[in-house]
There are 2 protein chains.
Amino acid sequence: MILHNYWRSGTSYRTRIALNLKGLTYEQRAYDLRAGMQKDAAYKTLNPQMMVPTLETDDGALLTQSPAILEWLEERYPEPSLLPKNANERAIVRAMAALIGCDIHPLGNLRVLGQLRTQFGADGAAVKQWTARWIGDGFAALETLIERHGRRFAYGDVPTLIECYLVPQLYSAERFEVDVSPYPRLLAAANAARALPEVEAAHPDRQPDADPQ
Amino acid sequence: MILHNYWRSGTSYRTRIALNLKGLTYEQRAYDLRAGMQKDAAYKTLNPQMMVPTLETDDGALLTQSPAILEWLEERYPEPSLLPKNANERAIVRAMAALIGCDIHPLGNLRVLGQLRTQFGADGAAVKQWTARWIGDGFAALETLIERHGRRFAYGDVPTLIECYLVPQLYSAERFEVDVSPYPRLLAAANAARALPEVEAAHPDRQPDADPQ
């Protein structure tokens with residue numbers, strides 16, 4: 001499999017965590033989003049949305065949108081499972097993942113912050129205030145849900161889809177210097193996940209295209 | 001089942017379409033988002049995120065986040081199916097749905113447009129420009145994907161999860177007066193879906209709490 005991605009993209013990070021937790025090996029192709037490489041014509045044929053990641057499977061299928069890729073991985077490589085067995089429990093895990101995937105992450109995307117800068121003249125402080133609002137709202141709700149359903153991890157005692165979403169979102173929160181001290185359970189669950197070698201290996205700084213300034 | 005929702009919310013509309021396509025009956029409880037009813041303490045215990053919809057199942061489970069609710073409906077009530085049988089095809093359908101659910105819809109949410117107004121003083125024209133940007137980017141990519149995969153509907157000849165997302169997103173685009181003429185295949189697929197009685201019955205204007213001005 002080939003993962004077309006970018007070291008610092010949250011959805012790329014999310015997908016690497018899932019691939020690693022499943023014990024799968026994959027090649028990487030890097031697209032520097034800061035240089036707009038995802039807009040090249042060759043990549044557009046792979047992914048008409050011109051966003052990362054895209055997972056090219058061994059049979060040549062081009063899978064886009066990380067939530068869909070994660071469900072495909074779960075169907076195609078069921079063990080170790082990232083979802084509980086029971087339908088109601090699966091729905092709770094998927095809801096906690098979607099809370100991040102729909103209601104936090106997209107609002108802090110590079111293209112969205114760029115639009116705030118060009119359309120509204122947002123400066124660094126305004127961008128921080130914007131991202132802190134969505135991370136704060138979402139993390140507050142997640143903290144309650146982790147209190148209800150979490151144990152060692154955000155849902156129960158084994159990593160689930162939630163960790164794939166949570167770890168990159170916390171990485172982003174830390175980059176934007178959001179105060180995460182009001183969410184101790186969320187932090188404990190994320191730290192348990194970050195300590196796993198499979199999750200650690202997915203960290204942006206460990207990728208071949210990493211270029212920390 | 002009880003669907004806690006709001007007539008004009010896109011994610012509520014999405015969930016009603018899925019319930020109707022599955023032929024399921026449900027009660028509705030309405031929360032007027034303009035009056036902030038979703039922030040009442042009683043609703044917060046149902047849904048810590050204080051957003052609609054929440055689906056209360058017959059066994060008392062509280063399901064939140066429409067992408068998770070739709071997957072639960074598909075697992076619990078498999079026929080008629082809203083996903084193809086083949087894993088790669090399922091991934092494409094889920095990706096087309098997630099393109100709307102993650103990269104278009106959340107950016108036009110009421111709370112996000114409110115933040116643009118309070119933080120950046122956005123007026124009606126600026127809000128329209130903002131929503132048109134995300135709908136335009138997303139619909140352009142969807143048009144290519146529907147050209148590849150669509151027939152009568154956005155993916156093949158039967159309605160899938162995509163229609164649940166597409167019809168409410170087009171309703172929103174029309175409300176914001178976005179020019180959708182560059183996306184004829186998308187429009188044809190959405191119109192085929194809107195003509196189905198199950199989809200028509202989910203329209204905001206037909207809900208008990210509808211209050212068109």
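Which residues lie nearest the centre of the largest cavity? I looked this up in a predicted model, where local features need pLDDT of at least 70, side-chain atom pairs count only at pLDDT 80 or more, and totals for chains, interfaces and linings use all residues. Residues are numbered from 1 along each chain as its sequence is written, chains are lettered from A in the order in which they are written, and side-chain values use heavy atoms, without hydrogens and water.

**Entry 1: the cavity.** I found A:Pro67, A:Glu71, B:Pro67, B:Glu71 and B:Tyr165 nearest the centre, among 22 lining residues. A cavity here is a set of points on a 1 Å grid over the protein atoms alone where a 1.4 Å probe fits but cannot get out, and lining residues have an atom within 4 Å of a point. I noted its volume, the space filled by probe spheres set on the points, as about 310 Å³. By class, I counted 16 nonpolar (Ala, Val, Leu, Ile, Met, Phe, Trp, Tyr, Cys and Pro), 2 polar (the others, Gly among them) and 4 charged (Asp, Glu, Lys and Arg) lining residues.

**Entry 2: where the chains meet.** I saw that 46 residues from chain A and 46 residues from chain B take part in the contact, meaning heavy atoms within 4.5 Å.

**Entry 3: salt bridges.** I looked up 7 salt bridges between chain A and chain B, each a side-chain nitrogen of Lys or Arg within 4 Å of a carboxyl oxygen of Asp or Glu. In one salt bridge, I found the side chain of B:Arg94 meeting that of A:Glu75 at 3.0 Å, N to O.

Conventions:
On a 1 Å grid over the protein atoms alone, a cavity is a set of points where a 1.4 Å probe fits but cannot get out, and a pocket is an open set with protein on both sides within 12 Å along at least five of seven lines; lining residues have an atom within 4 Å of a point.
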